[in-house]
Amino acid sequence: MVVRESLAVGVAVAAAAAAAAAVGKESPAGGAPAGEALGMNRAREELELETGEFELAVQLGEVRAVPAGPGRRRVMREEVDRLRAAEGFPQALRDRLRVVGSGDGAELIGVSRDRFVKLAKGGFIRPVRWYVNRYRAVVWMYLADEIGQYARDHPEALHGRLPVTLRGALDDGADHRARGWRARRAGQLVRDAADAWEEAAVWAALLGTDGAAEVVPDLYERAYLRRLRSGLPPGRPGEFASRELIDAAVTADHPDEIALARLSLAEALDRARQARPAPRPAPAAEREPRPAPAVGPEPEPGPGPEHEPDHEPEREPQLRPRPEPAPEPCSERGPEPRPRRGWRLQRPGDSAGTRRRKKLFRRP
């Protein structure tokens with residue numbers, strides 16, 4: 001029962017993010033506010049954050065970025081000033097962005113690592129990042145701030161026996177860490193989508209190639225969605241990640257998750273089609289007729305059959321030239337090859353063995 005409630009919370013968060021993003025896109029005031037827009041590197045430097053910290057801050061919404069063209073985003077000056085004016089800047093912002101593994105997370109709230117992993121597999125603590133280590137195992141990372149918040153809200157989960165339903169689900173092999181990360185990541189991408197097509201591309205990426213083909217039968221629409229969003233990363237997979245491990249981490253695999261993604265994709269696709277159709281290849285231009293070949297003046301017609309003579313005129317015999325005789329073959333032969341020194345020419349059958357046989361069979 002606890003596991004189902006946790007799943008429902010994750011699904012509700014993603015659905016709420018999609019609804020809020022849709023309202024913001026349809027609102028006429030959903031455009032970027034007027035003011036100075038800073039580039040991402042400039043904003044990161046002014047907020048005194050590392051590259052990984054700044055990327056995570058934008059994904060989590062700690063730093064609000066606005067669209068600035070296809071595939072580009074910027075941070076407004078007012079947003080940077082707000083964060084810099086906050087109490088405890090910049091350490092307070094860095095603490096909210098601190099990422100830990102299961103061992104450090106367990107130590108943070110005073111539980112064993114085994115208990116922390118069970119809580120994460122049950123869906124109570126959702127990972128924010130992941131990577132593949134050299135042993136080809138997926139390592140999940142968590143926000144330290146969220147771990148502390150969960151410990152404060154649910155102190156009973158830190159001690160004593162775990163609920164029976166959670167123990168039974170874990171015994172059956174339940175693991176909701178990948179699903180929790182996908183729900184968080186899909187909500188972030190839907191929130192940052194510029195229009196309904198980009199929103200639909202997020203749900204299509206969550207379903208994978210085969211799952212999206214069942215909802216989007218049109219080939220050109222699928223190609224356009226794949227061009228807008230080919231997958232859900234970044235998750236910083238690392239150099240040891242294979243395509244199979246990445247697909248398993250970013251593709252929906254639970255029936256509830258797949259049903260939500262299919263429904264969200266169909267709804268976003270309807271709004272996208274009403275706004276504008278997906279780009280298609282231009283129809284082949286009609287070939288211009290080739291110019292007719294230049295034709296010379298028609299020859300004057302000769303006499304018809306009624307003007308032909310009754311008999312052919314006699315032709316003068318033509319003398320054929322006499323063929324020249326073929327040249328006679330040359331009868332002269334070149335010089336015969338001289339025998340090598342020490343050789344003696346013999347007649348056929350006049351060998352030493354023949355002479356010896358003749359001598360043996362000579363009559364007395």
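## Close-up views of a predicted model

**View 1. Helices H10 and H13 cross.** Helix H10 (residues 177-192) and helix H13 (residues 243-250) have axes that come within 8 Å and cross at roughly 70°. The model shown here is predicted. Two packed helices are described by the angle between their axes and the distance between the axes. H10 and H13 are therefore roughly perpendicular to each other. From H10, the residues in the contact are Ala178, Trp181 and Arg182. They meet Ala248, Ala249 and Val250 of H13. Sorted by class, this contact of H10 with H13 has five nonpolar residues, no polar ones and one charged residue.

View 2. Arg182 has its place in helix H10. Is Arg182 buried or exposed? Its relative accessibility is 1%, so Arg182 counts as buried. The cut-off for buried is under 20%. Which side chain makes a polar contact with the side chain of Arg182? The partner is the side chain of Glu257, at 2.8 Å. Not counting residues up to four places away in sequence, Arg182 touches Leu206, Leu232, Ala248, Ala249, Val250, Thr251, Ala252, Asp253 and Glu257.

View 3. How many bridges join S5 to strand S6 (residues 138-143)? There are four, and the two strands run antiparallel. Trp130 has Trp140 in S6 as its bridge partner. Arg129 stands opposite Met141 in S6. On the S4 side, S4 and S6 pair over two bridges, also in the antiparallel sense. Val100 stands opposite Tyr142 in S6. The hairpin of S5 and S6 has five residues between the strands. In this hairpin, Arg136 takes a positive phi near 60°.

**View 4. Helices H6 and H7 pack together.** Helix H6 (residues 102-109) packs with helix H7 (residues 113-121) at an angle of about 105°. The two axes are 8 Å apart. That angle makes H6 roughly perpendicular to H7. Which residues make the contact? H6 brings Ser102, Gly103, Gly105, Ala106 and Ile109. H7 brings Arg113, Phe116 and Val117. By class, the contact of H6 with H7 has four nonpolar, three polar and one charged residues.

**View 5. The sheet of S1, S3 and S2.** This open sheet has three strands in the order S1-S3-S2, with antiparallel pairing. S1 and strand S2 (66-67) stand at the edges. Each of these has a single partner strand, so one side of each is left without a neighbour in the sheet. S2 and strand S3 (residues 73-76) run antiparallel and are joined by two bridges. Pro67 has Arg73 in S3 as its bridge partner. Which helix packs on the sheet? Helix H4 (residues 77-84) does, touching S1 and S3. The direction of H4 makes about 55° with that of S3.

**View 6. Ala37 in strand S1.** Ala37 lies in strand S1 (residues 37-38). At 37% relative accessibility, Ala37 counts as partly exposed. Leaving aside neighbours within four places in sequence, Ala37 is in contact with Arg74, Val75 and Met76. Ala37 and Val66 are 29 residues apart along the chain. What separates their C-alpha atoms? The distance is 8.9 Å.

**View 7. The whole chain.** The chain has 15 helices and six strands. It has 364 residues, and buried residues make up 35% of them. Of the contacts in the chain with a separation of 6 or more, 75% are between residues 24 or more positions apart.

Note on methods
Residues numbered from 1 in each chain as written. Predicted model: local features only at pLDDT ≥ 70, side-chain atom pairs only at ≥ 80, totals over all residues. Heavy atoms only, no water. Axes fitted to C-alpha atoms, helices over the stretch in contact; angles between N-to-C directions. Parallel < 35°, antiparallel > 145°, perpendicular 65-115°, else oblique. Contact = heavy atoms within 4.5 Å. Nonpolar A, V, L, I, M, F, W, Y, C, P; charged D, E, K, R; others polar. Buried < 20%, exposed > 50% of the residue type's maximum accessible area, 1.4 Å probe, protein only. Polar contact = N/O pair within 3.5 Å; in protein donor to acceptor, adjacent residues only side chain to side chain. Pairing = 2+ DSSP bridges.
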